[in-house]
Amino acid sequence: MSEAIRVLHALAQVLSMMNLYSPGHPATKRSADNLWEALTALLAVEPNPIFLFLGTAPVYDGRALHELRDWMHSRRLAEAGVQRLEFDPSLTFEGLLLLLDRLMVRLTGGSVPADEPPIPGAAFGAVAVKGPEDEEEEQAHAAPADSAPAEFCVDLTDELEAMQFVANQAMAGRVARSEAEAVARILGGVLDEYSAPQAAYSADPERYLALHAVNTAMLAMAASTAAGVDDAGRHRIGVTALLHNIGMARIPAELGNLGSLTELERATVESHTIKGAELLLDSGNRGLELAATVAYEHHLRPDGSGYPLRRFRPATHWASRLVGSCAAFTALRAPRPFRPAWPAERALAHLDEGAGTLFDADAARLVSSVIRAG
């Protein structure tokens, strides 16, 4: 991700220089050279980088770059009709200079020729919005992806309703433990019949918490079985996973649906780990200590990053590491208001690549193997 951020910093610099100086000015040339160097480094690790500019933080690889939430050119590019900027290895330095000229024409309100030839290795324009009929046509003509893992979706309407009730109770400061226990028992029965099922994903943001809880729980239960955990332990993992994100019900719902957050909003969202742990511990329900631990720890990373911040860093619980890996995969597979759902293979690649840094290595590999085997 650092290469992508470096590219945007260099792009901002060269656009600023082009506003101030002539194309042949040493400062302009030097900034263009810096951008070329940054792009070359990015293309070495990502052959088809795509940036989105939607007026807030730039988006790269499906993630809003909150480090650049105040990047001034994001809104300027979006308003100029440059919502998408992508590159491939055929780009040359001369092509980059041509691209910069065309961007400046749009940013300064100049006249755009109707017959502009394409630039080898670079493309830009608006982000296309697809309707349901477009998606159906694409699916009808799509080639089968034999290498991608298949996900078997089951009808869990009643269980999702129960988890919605759990979320509603959490908003009121209560823990509906019996409902979570019942859902975990039902999911255990489903897993006895199918190896790694999922509930069908929905684009409705109001259903996200319930869907995320159920799909994370099923994946965590399947992984715990693969790790040799007995039925009682699997059930406990299931209840824990169902409640791992309960703190999100204690923060304003709209914040969970934003792709770009202010520093204060981000701190509020990240507080869901503490709010969830406190809710579970203060509920008076004995036996939810593991659920509270996982609610607190599931966003902590082995490389020392993540949240909440801690003065001391004891090892996280195995269940936290397992549920954290499962939750990351199921979150990426779900469509969100600020990004489309990731294909299963891409989400798995993220899990594999993050093993040992973003995710516990053993847990990530276990979850990945369960998904592929399923």
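Reader: Which residues of H6 meet Ala210, Leu211, Ala213 and Val214 in H8?
Author: In this predicted model, Leu160, Met163 and Gln164 are the H6 residues that meet those four.

Reader: What makes these residues a meeting of the two helices?
Author: Contact requires heavy atoms within 4.5 Å. The named residues of H6 and H8 meet in that sense. The axes of H6 (residues 157-171) and H8 (residues 208-226) come within 8 Å and cross at roughly 115°, and the crossing is right-handed.

Reader: How do the residues of the contact of H6 with H8 divide into nonpolar, polar and charged?
Author: Six are nonpolar, one is polar and none is charged.

Reader: Why is glutamate 37 said to form a salt bridge with arginine 6?
Author: A side-chain nitrogen of Lys or Arg must lie within 4 Å of a carboxyl oxygen of Asp or Glu. The closest N and O atoms of this pair are 3.0 Å apart, so the pair qualifies. Glutamate 37 is in helix H2 (residues 26-45) and arginine 6 in helix H1 (residues 2-20), 31 residues apart.

Reader: Why does glutamate 37 count as partly exposed?
Author: Buried means under 20% relative accessible area and exposed means over 50%. Glutamate 37 has 46%, and therefore counts as partly exposed. Arginine 6, with 36%, is partly exposed because its value also lies in between.

Reader: What makes arginine 372 and glutamate 345 a salt bridge?
Author: The N to O distance is 3.1 Å, and the limit is 4 Å. The pair therefore meets the criterion. Arginine 372 is in helix H15 (residues 361-373), and glutamate 345 is in helix H14 (residues 344-353).

Reader: How many bridges join strand S4 to S5?
Author: Four bridges join S4 (residues 84-87) to S5, and the two run antiparallel.

Reader: How do you know that S4 and S5 count as paired?
Author: Pairing takes at least two bridges. S4 and S5 have four, so they are paired. In S5, alanine 123 is the bridge partner of glutamate 86, and alanine 122 that of phenylalanine 87.

Reader: Which residues of S4 lie on its covered face, and which on its uncovered one?
Author: Leu85 and Phe87 are on the covered face, Arg84 and Glu86 on the uncovered one. The side chains of arginine 84 and glutamate 86 meet in a salt bridge, 2.7 Å from N to O. Arginine 84 has a relative accessible area of 22%, so it is partly exposed.

Notes: Residues numbered from 1 in each chain as written. Predicted model: local features only at pLDDT ≥ 70, side-chain atom pairs only at ≥ 80, totals over all residues. Heavy atoms only, no water. Buried < 20%, exposed > 50% of the residue type's maximum accessible area, 1.4 Å probe, protein only. Axes fitted to C-alpha atoms, helices over the stretch in contact; angles between N-to-C directions. Left-handed = near helix turned anticlockwise from the far one by under 90°. Nonpolar A, V, L, I, M, F, W, Y, C, P; charged D, E, K, R; others polar.
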